[in-house]
Amino acid sequence: MAEQQVQPLHNEKHANTKIKNGINIEFMKTQHLVPVVAHEFARIANEFPMSFVKNNETGTFQAVAMFGLEPGENLFIDGDKWTASFAPMATTRYPLGLVKHPEQDQFGIVIDEASSLVGEEEGNALFENGEETDYLKRRKEALVSFIEFSQVTDAFTKFLADKELLVAQTLTVDIKGEKKDINGIYLIDEKKLNELSDADFLELRKRGYLAPIYSFLTSTHQVARLARLKAQQA
């Protein structure tokens, strides 16, 4: 895999740079878990199972979509094609990214010049006569939205953890008649959710957390889909 060459985006240096549509297949091939934001849970639930993973150093949880059943496996990539009908925001940001300015509360845009999506021949221009194109403006807005959505999702996840609604689970899947356990993931405990006090349940509703919770719960049915894909590819 080519090393990344991440550089600050500059209207002179990148005057002729274009970005092709698509996702970073090379990188995605080996990703079995990808961070997701609450705003896209409903769409993700139609395609992928979701779970939470715990950072053992900080004790915090991160919501992820599952693309595979074991590390390094992405069942939605066939050759050099992404086969799902939807890709989470975390994957569509590339090859652009936001970097926070060390001293100020500002973000700068960076671009991975080594990406196969970046070139001067074809794709969407980033600058025209030194000015940002509408395409770049839209991409910038999406990057900022992703940061904001991530912060909302972190607060949502912390709330679930504080209310002890996240529980370590082992998922058992059936692949061609063979049972396989997936460990190290956390799911929303439906039993505990139903046992919440009226006050806590009202708090969930007021914060707008019920919709993502139910999307998350629905998504776990997609584990069977991963097992089917794995059996087909085997």
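## Buried charged residues and a helix

Lys230 is buried, its relative accessible area being 14%, in a model that is predicted. Lys230 belongs to helix α8, which covers residues 223–233. When neighbours within four places in sequence are left aside, the residues in contact with Lys230 are Leu69, Glu70, Glu73, Leu75, Ile175 and Lys180.

Asp112, placed in strand β9 (residues 107–112), also counts as buried, because its relative accessibility of 4% falls under the 20% cut-off. Not counting residues up to four places away in sequence, Asp112 touches Gln4, Gln5, Val6, Tyr94, Pro95 and Val118. With two of these residues, Gln5 and Tyr94, the side chain of Asp112 makes the polar contacts set out below.

| Atoms on Asp112 | Partner | Distance |
|---|---|---|
| Asp112 side chain | Tyr94 side chain | 2.5 Å |

Asp112 and Pro8, although 104 residues apart in sequence, are separated by 8.9 Å in space, C-alpha to C-alpha.

Helix α4 runs over residues 134–162, and its 29 residues reach 42 Å from the first C-alpha to the last, which is close to the 42 Å expected at 1.5 Å a residue. After α4 comes Glu164, which has a positive phi, near 55°.

Key. Residues are numbered from 1 along each chain as its sequence is written. This is a predicted model: local features need pLDDT of at least 70, side-chain atom pairs count only at pLDDT 80 or more; totals for chains, interfaces and linings use all residues. Side-chain values use heavy atoms; hydrogens and water are left out. Helices (H or I, at least four residues) and strands (E, at least two) are DSSP runs, numbered from the N terminus. Buried means under 20% relative accessible area, exposed over 50%, partly exposed in between (1.4 Å probe, protein chains only). Contact means heavy atoms within 4.5 Å. The expected span of a helix is 1.5 Å times one less than its number of residues. A polar contact is a pair of N or O atoms within 3.5 Å; within protein, one must be able to donate a hydrogen and the other to accept it, and residues adjacent in sequence count only if both atoms are side-chain atoms.
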